Each structure stands twice: as C-alpha cells, then as structure tokens.
Amino acid sequence: MSTLLDVQNVSKRFTMGGLLSRKTVEAVQDASLSLSVETPEIFTIIGESGSGKTTLARMILGLELPTSGEISFRGKTVSHRVGRQERLEFMAHVQPVFQNPFEAFNPLKRIDRYLESTARRFLKLRHRDDLDAAMDGALQKVGLSLAEARGRFPHEMSGGQLQRAAIARALIPNPSLLVADEPVSMVDASLRMSIVNLLKSLRDDLKVSVIYITHDLATAYYISNRLIIMQRGRIVEMGDARTVLDNPEHPYSRLLKASVLSTEDAGSGKLLTDPGMAERATALIRQQGKLVARADGRSVRVYDGV
Amino acid sequence: MTEDLLKVEGLKAYYQMNYFGVEREVRAVDDITMTIRKNEIYGIAGESSSGKTSFIKVLAAAIRPPMRIVAGSVKYDFKNGPIDVATAAPAQIEGVRWRHLSYIMQGSMSVLNPVRRIGRTFEDFARRPLGLSGPAYRQRVLNHLERLKLPADVLNAYPHELSGGMRQRVTIGLATVCHPEFVIADEPTTALDVVVQKEVLGLIREIQQDMGSSVVFVTHDMTVHANMADRVGIIYAGRLVEEGPTRQMFFAPKHPYTAHLVASLPRIGDTTQRPALEGRPPSLASPPNGCRFHPRCPLAIDKCRTDVPPLIQVANDHRSACWRWQDVKPLVAPQQAVMA
C-alpha cells in the first residue's frame, strides 16, 4: 500500500502585529493524516471558522509552508519553493475547488477560456480539436457539455452550474486528489445535492480522492469515508465518518452534532442546545491533550484529569 | 386567536428597464396573495433569483426604481392604524419604519458602519423612533442588550472587534430595539457556523415570542425553516407555489418542488442516495408558459405546459399551486430518518 498524501505532525503558526505587540496564532497544531493510492476516498475536514481547516487545505495545496512537520505527496515534499516544472507537475495531480464559484471566475472572462488555458498548460495540447476534446471530456464528467459552456460568461450560469464548471476545470489534468474548500456553502439548497452527488461519483467512477472541507455535518455524513473534526487548530476526533458522527465522543464533536438542525421535529420549534455542552467544549480549547486510538478505529483527543 | 397583521393581495412587482431603447421587464413578483398573522414566524423559502428578495423588499416598503408595483396591495394593520405600503406616501412609511416594521439584514459584516461604534449606530437607528429622553433611552437600549445576552461594552466597540455571532446579534438588536410588530429577517444566519447559527435562531425565536410580533423569515435552507417557522411558503420563479403549516410541508407536501426540496436534505444517520433536481431556475425575464416549474417537474402533464395552476386550498390551512397536487407523494417518509 503506497501513500498518496501524507501529512506528518504538521503545525502552522501565524505571527501578527509588529515589534511592540506581537501575537502568534496557532492555526494548525500537530495534524497528521494520510490517504492511500489504492483506495480513493472522500476525506472530510470539519470545523467552524477559525478552526484551521482552510489553513490545512492551503498547506496541502502547497500555498503555505508548514511551520513544522512535513507534507508529502507521493513521497515528494509539498512546497511552492520548487522549480516551475516540478510545481506544475504537482499541480497536475492536486487541484483545488474553491468556495464561491462567482468569485473563483473572473467575470470578464468566458468559462471556456479557463478550461482551455488549463488544458494547454497541463496537458500540453496545442491543436484546436484536442483542446476541445479535453474540455468536453471534463465537462461531460460533471454533467455539462462544451456546447453549453462555450462563450458563456460566469454571470450567465447558475451557481450550481458554475461550481460544476469549476470542478470540470480541476478535472482536466486528471488529478488524483481534489481539495474542495466548502464547495457547497454558496450554492442553493436545491442545487447543493447535485454537487455533493458529483463528488461522490468522482470518487466511485473516476477514482479521484477528495479532501472535502465543510462545516455541514449532514453532507459530510452522506458522502465521506473518513473525517477529522478540528477545534482551534487541533484535531479532536478522527476516524470513520459513520462511526464518529453516529456516536461522537469528544465534547466538541457532540456540540457540533447537537447543533445540526434536524427536520425530524419540524414545526415544534426546538432550538435550545444544552448550555453545559457548549461550556464543556470550549473549556477544552486551552488544553493540549493527546490523540488516543479507540477500539472502533477512531482517535479521540483526551485530556489529563478529565 | 389568529388576527391578520399583513394582507398581500394580487401583488405584482416588476423591474422595468429601458436600456438604449430596448425594453426589458423582469417579473420578480408575479401575483402573490397571502396573509401573515399576528404572533407567528412565517418562513419564505426559494432559491436565488426566485424573486424572494424582491418580494420582501416590497414588504419592507423599500420599493425603488427600476422596481415598480404594477398591481396589488400590501396592507398592514398596525396598532397606530392601517397602511398600504404599495401606495403610501414616503412620510407615512417613515412613520412606521423601525417602530412597527423592521428588518434584520443579511451579512452583518457589511450592514454595520465600520467606522462608527455600535452605540452610535444604535443612536442612528433608535433614538428618533423611540422618542425617549437621554437616560430613558439608554436604559431601554441596555435592557435590550441584556435580553440579547450581549455585554453592555459592545456599545463602545467597533464592528470588527466583535465575532460573527455577536455582530449578528447586534443587528438583531438594532432591528428589534423599538419592539416592532413586524420583523423581516433576510437570511440572517447564512454566513454563520452551525453552533452559532443555532444560537442566533434560538434568540430570534425567543425575542419574537417575548414581543409577540410577527416575523417573516427568509432563507433557502429548509432545515432552518423546519425548526423556526410556524408556517412556510415556497416561492418559485416569482410565484408562491405552496404554503402551509411547517409540519405538513415537510411530511405531506402537495407541490413537487417542495417534495423535492425536502427529499434532497441529507441527514446524519442516513446514507441513501439523495435525488438532485436537474436544470436551473427559469429566467424571470422570460418565464416558461403555464406552470413555471414544469420543465423540471417529474409529474408534468400537457396541461402544466399551457395553463397556470391557481393556488388552491388542498388541506386545512394548506394551499398549493399544482394541477396534480393529489399525486404528489412525500419522497422521504418521516420515520425513515432515525437520529442516534
């Protein structure tokens, strides 16, 4: 079994302020995870804003360098401080999908220009027919076609279509890993499932691994194989998605699950979360603790004296 | 006691534009008739560009060109007298704004003035409508902040010093400090995390019950409606397609669009394949003939392509605009989802 992506004890510290008032923020602390080449999976990172999930994703993409620890992709260290050739090669294997498709595309450029320049750069295609075939192939995978997308500006498409076009662009170099940072949070509820189902079919049919970043536990449960839950830069619980979400063990994971609105008791207006739950979860922020493996395959952060 | 506070009748609000001699008409609100009762939370659901924002702009009496009211009336029955905001003079509307008719805005980041302290913003909003003397005014604001579980120091803070959840609570505070009878909340929790979202929703509900006012709650997230609203109305392409008590809307929908919206919600504890609705919402500049949902509807018949279905009573307090409402089956049975 070979590893596709290996994140080893990675931390990232940001320093803010100048000489007189220096503050450091521990965005990610001691995170480890690995994905294997043989079994493509959807690996979910859950956390609220400020939990460091986006920083972790940026480090995996090589946009930020970890302060300590190492990230390697297929045995090579991930970094943007490498030669152009090597960087391009890495980018062909790991592609990002961003949160807001309306901001990811330049409103003055046509959609097909993005697809075309990606195809030119990564597939080294030069001929019109080859380019069209590559673009159409990628768009077909996401349920669009080149005929639909050609000549269209971003504002002429719906949010769901545009997000699918963004995923199509990421698929052009035939990547083995997609990093999707909250790909559905800006998409309308009725179109959300089409994106989520698409990620699922990418894993099942095209064998692409996906790192899916979200704060929506319901979609995470629906599509992911494994997940980690992050609280203020620390991984607090990690393991099989169903095992963890069916019965979360860490107080913060429990709080998250309790905060998910259910449609079960629609109309009864139950909106109170147990206040003790939130207290228990926030009380643990400052404590270091350590991840301990459990018998059912998950790891949970436990604390001294708790 | 179900007294009506708001009566909307045959409301049509169009955007009429004339660029370089080309006339364009966008029918954002097309023939909506509904009532909102005293002391209830009415949820409005619809995707982007369905006209829901235009509709609540009319309700909030914020009608500015190019939007124009083509037909219909929007009658409020406030304590200080009835008012029809579709025809009222600006001075009359000023008289009810904030005191009787209030608005919680989307995106608390851009709503608050970044260079003004929260206390000053409160003064801008509430000083004049409340009409209280200095100390009495201050006491009123402090009492209100306490109810919102905000510390009194927020009055001295700038918006950037507050967290997202606190900022959203401040905007709720601004909208409710005058104890309005009618509050419009436009996606107040869309940008918030799950934990904070639930807190803010609980707060809005609490305040609503405290003041006994009516709230129109707008969001595209059906799970929020499930937990907030007493009644839910679904807007599709500028028309109200279904409305009814929340529980019935979720477990016995009578419009295929609602049935789809409910069925597509993923749940923890259930991994069966969720259907996704294909196609896109129609353009409001050239909506399809007949029922506007027919191009995406699994139940569409020939009649749907030509005749507009009227909004008819299908059950007690439950209206639907579908020719085949009797054939609409809930796609997910209520018992199926088991929460651990």
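The sections below go from whole chains to single residues.

## Basis of the model

This is a predicted model, in which local features need pLDDT of at least 70 and side-chain atom pairs count only at pLDDT 80 or more, while totals for chains, interfaces and linings use all residues. Residues are numbered from 1 along each chain as its sequence is written, and chains are lettered from A and ligands numbered from 1 in the order in which they are written.

## Chain A

Chain A contains 12 helices and 12 strands; helices (H or I, at least four residues) and strands (E, at least two) are DSSP runs, numbered from the N terminus. Its radius of gyration is 20 Å, close to the 19 Å that the globule rule gives for 306 residues, so chain A is as compact as a globular protein of that length. The radius is taken over C-alpha atoms, and the rule is 2.2 Å times the number of residues to the power 0.38. Along the principal axes, the C-alpha atoms of chain A fill a box of roughly 65 × 50 × 45 Å.

Buried residues are 47% of the 306 in chain A. A residue is buried if 20 or more other C-beta atoms lie within 10 Å of its own, exposed if 12 or fewer, and partly exposed in between, with C-beta atoms placed from the backbone. Among contacts in chain A with a separation of 6 or more, 65% join residues 24 or more positions apart; a contact requires C-beta atoms, placed from the backbone, within 7 Å.

## Chain B

Chain B has 11 helices and 12 strands. The C-alpha box, taken along the principal axes, is roughly 65 × 60 × 45 Å.

Of the 340 residues in chain B, 46% are buried. Residues 24 or more positions apart account for 66% of the chain B contacts with a separation of 6 or more.

## Contact between the chains

On the chain B side, 37 residues are in contact with 36 residues of chain A. Helix 7, helix 8 (222-228), helix 9 (246-251) and helix 10 (256-263) of chain B each supply at least two residues of that side. Helix 7 of chain B gives the most, with 6 residues.

By class, this side of chain B has 18 nonpolar, 10 polar and 9 charged residues. Ala, Val, Leu, Ile, Met, Phe, Trp, Tyr, Cys and Pro count as nonpolar, Asp, Glu, Lys and Arg as charged, and the others, Gly among them, as polar.

## Helices 6 and 7 of chain B

The axes of helix 6 (residues 164-176) and helix 7 (residues 194-211) of chain B come within 10 Å and cross at roughly 15 degrees. Axes are lines fitted to C-alpha atoms, for helices over the stretch in contact, and angles run from 0 to 180 degrees between N-to-C directions. Helix 6 and helix 7 of chain B are therefore roughly parallel, a class for angles under 35 degrees.

The residues of this contact include B:Ile172 of helix 6 and B:Leu203 of helix 7. They divide into 7 nonpolar, 4 polar and 2 charged.

## Two aspartates

B:Asp210 lies in helix 7 of chain B and is exposed, with 11 other C-beta atoms within 10 Å. B:Asp210 and B:Val154 are 56 residues apart in sequence and 22 Å apart in space, C-alpha to C-alpha.

A:Asp130 is in helix 5 (residues 128-141) of chain A. With 14 C-beta neighbours inside 10 Å, A:Asp130 counts as partly exposed.

Note on methods: Parallel < 35°, antiparallel > 145°, perpendicular 65-115°, else oblique. Contact = placed C-beta atoms within 7 Å.
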